[in-house]
Amino acid sequence: MCRRRKIEWRRPVQHTIRTLPADQGEILWVLGDRLRLLGELPGTGLHVAHLSVPPGSGPPLHTHPSPELFHISSGELAFHTVEDGHSRTIIARTGDTIAVPPGTTHGFRNEAEAEAHALVWLDEHLLAFFREVGSPSPPAGPPTPSEIRRVVEIARQHGMTIVGPAAME
């Protein structure tokens with residue numbers, strides 16, 4: 001006999017289906033990467049975003065108290081991590097999914113020649129960071145030292161630690 005388990009939602013859920021047309025959604029540019037916010041999984045505090053990463057781009061190695069889940073929808077990303085004091089690189093290709101536990105040192109970089117795309121699930125804390133640090137307009141060029149200092153300071157205020165460069169050379 002199959003028993004149905006009652007789902008405990010974190011917050012009240014509105015029972016209205018919402019649609020986000022393909023040409024809409026909040027856009028945030030963060031150091032050259034583009035996030036298009038797609039919405040929240042109702043009642044969970046989890047948000048989904050479409051991430052576009054141009055060749056050569058990606059965040060530096062960092063940690064934060066929030067988990068993340070990446071599903072590569074096209075292209076590939078090199079995920080860098082440090083486990084037990086050893087550097088490790090995982091090449092995530094189209095169709096692969098990467099789960100990053102809270103507090104894990106990680107970063108990624110598009111080392112390919114084509115733009116990479118991923119769906120990213122993130123919590124409200126990471127969303128707040130992206131909204132504070134992001135811009136609705138694409139950058140005019142590579143980040144300046146003052147822009148990088150600004151991102152590092154905002155990251156610190158959100159409980160994040162920048163550990164090192166994006167690519168582990």
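Are Phe70 and Phe79 buried or exposed? Phe70 is buried, and Phe79 is buried too; here buried means under 20% relative accessible area, exposed over 50%, and partly exposed in between (1.4 Å probe, protein chains only). This is a predicted model, where local features need pLDDT of at least 70, side-chain atom pairs count only at pLDDT 80 or more, and totals for chains, interfaces and linings use all residues. Residues are numbered from 1 along each chain as its sequence is written, and side-chain values use heavy atoms, leaving out hydrogens and water.

**View 1. Phe70 meets Phe79.** The ring centres of Phe70 and Phe79 are 5.0 Å apart and the planes stand at 70 degrees, so this pair is edge-to-face. Rings of Phe, Tyr and Trp (its six-membered ring) pair if their centres lie within 6.5 Å; planes under 30 degrees apart count as stacked, over 60 as edge-to-face and the rest as tilted. The structure holds 4 aromatic pairs.

**View 2. Phe70 also pairs with Phe108.** With centres 5.5 Å apart and planes at 70 degrees, the rings of Phe70 and Phe108 make an edge-to-face pair. Phe70 sits in strand S5 (residues 68–74) and Phe108 in strand S9 (residues 106–109), 38 residues apart, and the pair links these distant parts of the chain. Strands (E, at least two residues) and helices (H or I, at least four) are DSSP runs, numbered from the N terminus. Phe70 and Phe108 are both buried.

**View 3. Three rings form a cluster.** Ring pairs link Phe70, Phe79 and Phe108. Around them, the protein chain has 2 helices and 11 strands, and 34% of its 169 residues count as buried.
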